[in-house]
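Keep the 3D view open as you read.

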Amino acid sequence: MRAILGSYDSELTPAEYSPQLTRRMREAEDMLQKAHAHSSEMEAQLSQALEELGAQKQRADMLEVELKMLRTQAAPAEESFLFSREEVSSLRLKIEELEGERRHLEEDKKMLEAQLERLTLQGDYDQSRTKVLHLRLNPARAARQQLHEGRQQLQDECERLRELVRALERGGPVPADLEAAAGLPSSKEVAELRKQVESAELKNQRLKEVFQTKIQEFRKVCYTLTGYQVDITTENQYRLSSMYAERKGDCLIFKAAGPSGTKMQLLETEFSRTVQELVELHLLRQDSIPAFLSALTLDLFSRQTVA
């Protein structure tokens, strides 16, 4: 910096040199005054810190004296504290017991309140503070009377029915009073009804026999005319066996689909896999089951004829 200032001063003319020196002197004096002021301020702070240090030391001495006095007084207090610790533990036990009793009392209070609420809902009341007025035409009394009469009638009817059951179990004639009470028909009417039931059962049996006979005839006719025996295996499934089949297990299974079983689907079996050409031609291309069955019949018949 001195070298820079020297070079700067050397460049100045003699006329400009003296004003620069004067300005620098003033600046140096100002900096000196500031340094003196800062030094005086630091001395004042130092003296203040020394005074505070003395005060703190004096206070520490006083606290040390008080600590010694408290230590001398703490010995008897510790002995009394040992005695009071047992009292505190006993008081704690009493407090826990009182807390347990308080919890039990609260639970009892809740139970009593619930019982009181239930009794209030059931119509109970405090007779010492509540006055009840009874109506001459009390609906509740009439309902109870009606309920009692209905219960008595039901009990009487149950008793009559028990007697009727015992009479029927014995197999003897039913008393007239029990027939009238139970609303049963007379023995003659029962005999006539039995005859009618037997006659109807006999007719049903004959119709079943005729129906079975006709079904067998119809199956035989279908087998003779079409060459296929149709059997129902499961619901909506039908098995067709050709009279010209080479093996007994060769069969076709059709499944009814669509509304009212109007559309039939061929299910795959071991025998159907051997006639794939006929399936592709008549079922897949022509969509004709009768043509397929006819072609299959001709094929099986030609095999037997050739054989």
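**A guided walk through the model**

Four strands, in the order 1-2-3-4, make up an open sheet with antiparallel pairing. Strands here are DSSP runs of E with at least two residues, helices are runs of H or I with at least four residues, and both are numbered from the N terminus; two strands pair if DSSP finds at least two bridges between them. This is a predicted model, in which local features need pLDDT of at least 70 and side-chain atom pairs count only at pLDDT 80 or more, while totals for chains, interfaces and linings use all residues. Residues are numbered from 1 along each chain as its sequence is written, and side-chain values use heavy atoms, with hydrogens and water left out.

At the edges of the sheet you will find strand 1 and strand 4 (263-267), each pairing on one side only. On average, neighbouring strands are turned by 30 degrees against each other, direction ignored (axes are lines fitted to C-alpha atoms, and angles run from 0 to 180 degrees between N-to-C directions). Five bridges join strand 3 and strand 4 in the antiparallel sense, and Lys255 stands opposite Gln265 of strand 4.

Next, look for aromatic rings. The structure holds one aromatic pair, where pairing asks for ring centres of Phe, Tyr or Trp (its six-membered ring) within 6.5 Å, and planes under 30 degrees apart count as stacked, over 60 as edge-to-face and the rest as tilted. Tyr244 and Phe301 are the partners, edge-to-face at 5.3 Å centre to centre with 70 degrees between the planes. They link distant parts of the chain, 57 residues apart: Tyr244 sits in the loop between strand 2 (237-242) and strand 3 (252-257), and Phe301 in helix 8 (residues 289-306). Tyr244 counts as partly exposed because its relative accessibility is 21%, and Phe301 likewise at 41% (buried is under 20%, exposed over 50%, partly exposed in between, with a 1.4 Å probe and protein chains only).

Now turn to the lining of the largest pocket. Its residues include Gln216, Arg219, Tyr223, Val230 and Leu293 (a pocket is an open set of points on a 1 Å grid where a 1.4 Å probe fits, with protein on both sides within 12 Å along at least five of seven lines; lining residues have an atom within 4 Å of a point). Helix 5 gives the largest share of this lining, seven residues.

Finally, visit Glu270 in helix 6 (residues 270-273). Glu270 is exposed, with a relative accessible area of 66%. From Cys251, Glu270 is 19 residues away in sequence and 8.5 Å away in space, C-alpha to C-alpha.
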